[in-house]
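Please read the following report alongside the model shown below.

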Amino acid sequence: MADSIKIFAPATVANLSCGFDALALALAGKGDEMVFTKTDSGELKITKIEGANLPYDIDDNLVGTVAKAMLAEANVDLGIDIEIYKGFKPGSGLGSSAASAAGTAVAVNHLLGNPFSNLELTKFAMLGEEAACGSQIADNVSAAIYGGFVLVRSYEPLEIVSLPVPDDLYVTALHPQIEIKTEDARNILPKEVPLKTAIYQWANVGGFISGLYQNDYELISRSLQDHIVEPARKRLIPHFDAVKAAAMNVGALGSGISGAGPTIFALSKGKETSENVKNAMQSVYEGKEIPFNIFNSEINTSGVQII
Ligand code: HSE
């Protein structure tokens with residue numbers, strides 16, 4: 001049993017247009033690092049935070065919520081010093097709280113000798129999501145823990161299905177430097193959905209997953225549509241329609257809001273297309289009033305990793 005471990009916890013793109021709260025993917029090229037060291041203090045302590053302005057008080061940080069729940073369930077009194085190195089900003093729509101929660105769940109599990117399954121770790125990490133945004137959402141945390149694409153098939157009881165990752169898929173993410181709180185982005189969603197709209201949406205979830213299994217990029221492309229959440233949320237994201245149109249014009253398979261936003265994602269087949277998509281999306285934001293960053297990433301297939 002290790003006394004100290006360092007982990008990489010990936011950023012994630014939730015919803016993937018058609019699958020609100022049910023679909024997500026993990027990114028290879030973006031994430032946090034965290035170090036967990038056993039101590040004799042008998043206390044959980046956050047000893048370092050770099051890259052974001054987050055609370056050191058263990059009772060105020062979701063990392064503490066996740067670790068405390070795990071130690072209580074394992075019935076173990078353990079002192080742990082925790083260092084957090086954020087690789088991307090909270091409020092980006094790229095699963096910042098989920099990376100911290102999933103990273104903590106996997107790391108504490110290792111320090112305990114791995115008593116918990118990935119499904120149990122997802123449940124612990126969901127407590128962290130609840131602490132951060134008020135809801136026990138599973139999409140980002142399960143993608144960060146399992147890696148690849150995931151489907152949250154059921155919340156009660158929780159069931160996570162790992163989906164295949166076609167070889168040639170690339171993700172582009174443009175992050176306007178404005179913060180959208182997940183809670184706020186959830187509060188503006190419609191409370192009811194017309195049956196006709198629901199049919200579009202669940203048919204597209206089926207189409208998207210079939211596309212992943214069959215390596216059918218055209219089917220994936222046709223299925224990346226959101227008739228429910230995107231229309232309500234896109235007004236929170238400046239230039240959303242122009243960025244999406246720019247991505248689609250140069251061959252993206254689809255483009256939409258990453259999680260609760262403001263990050264706008266696109267999926268592309270092939271590295272060359274994803275470079276063109278990145279340039280096209282970037283050109284919309286260049287010279288505009290809002291600072292942004294943009295990157296391309298492959299899909300992370302291993303989830304939180306010990307490094
Ligand atoms: N599925 C969630 C949402 C992801 O879109 O609100 C954000 O945590």
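Predicted model: local features only at pLDDT ≥ 70, side-chain atom pairs only at ≥ 80, totals over all residues.

Residues are numbered from 1 along each chain as its sequence is written, and side-chain values use heavy atoms, with hydrogens and water left out.

**The chain as a whole**

The chain has 10 helices and 11 strands, where helices (H or I, at least four residues) and strands (E, at least two) are DSSP runs numbered from the N terminus. For 307 residues, a compact globule would have a radius of gyration near 19 Å, and the chain agrees with its 19 Å; the radius is taken over C-alpha atoms, and the globule rule is 2.2 Å times the number of residues to the power 0.38. The C-alpha trace spans about 60 × 40 × 35 Å along its principal axes. Of the 307 residues, 54% count as buried, a term that means under 20% relative accessible area, with exposed meaning over 50% and partly exposed lying in between (1.4 Å probe, protein chains only). The accessible surface comes to about 12,800 Å², of which 47% belongs to carbon and sulfur atoms; such areas come from the Shrake-Rupley method with a 1.4 Å probe, and for residues only the protein chains shown count as cover. Among contacts (heavy atoms within 4.5 Å) between residues at least 6 apart in sequence, 73% join residues at least 24 apart.

Helix H2 (residues 96–111) has 16 residues and reaches 23 Å from its first C-alpha to its last, close to the 22 Å expected, the expected span being 1.5 Å times one less than the number of residues. Of the 16 residues of H2, 14 are buried, and H2 is followed by Gly113, whose phi is positive, near 90°.

H6 is followed by Asn215, with a positive phi near 50°.

**Rings and charges**

Rings of Phe, Tyr and Trp (its six-membered ring) pair if their centres lie within 6.5 Å, with planes under 30 degrees apart counted as stacked, over 60 as edge-to-face and the rest as tilted. By this rule the count comes to three aromatic pairs. The rings of Phe149 and Phe208 have centres 5.8 Å apart and planes at 70°, so this pair is edge-to-face. Because Phe149 lies in strand E5 (residues 149–155) and Phe208 in helix H6 (residues 195–214), the pair ties together parts that are 59 residues apart in sequence; both Phe149 and Phe208 are buried.

A charge sits over a ring if NZ of Lys or CZ of Arg is within 6 Å of the ring centre and within 35 degrees of the ring normal. The table lists two such placements.

| Charged residue | Ring | Distance to ring centre |
|---|---|---|
| Lys30 | Phe295 | 4.6 Å |
| Lys269 | Tyr217 | 5.0 Å |

**Backbone features**

Most residues other than glycine have a negative phi, and most peptide bonds are trans. A cis peptide bond joins Glu156 and Pro157, with omega about 0°, and Pro157 is found in the loop between E5 and E6. The bond from Gly261 to Pro262 is also cis, with omega near 10°. Pro262 lies in the loop between strand E8 (254–257) and strand E9 (264–269), counts as buried at 0% relative accessibility, and has contacts beyond four places in sequence that include Gly91, Leu174, His175 and Ile237.

Asn114, in the loop between H2 and helix H3 (118–133), has a positive phi near 60° and is partly exposed, with a relative accessible area of 41%. His239, in the loop between helix H8 (229–233) and helix H9 (240–249), has a positive phi of about 65° although it is not a glycine, and counts as partly exposed at 26% relative accessibility.
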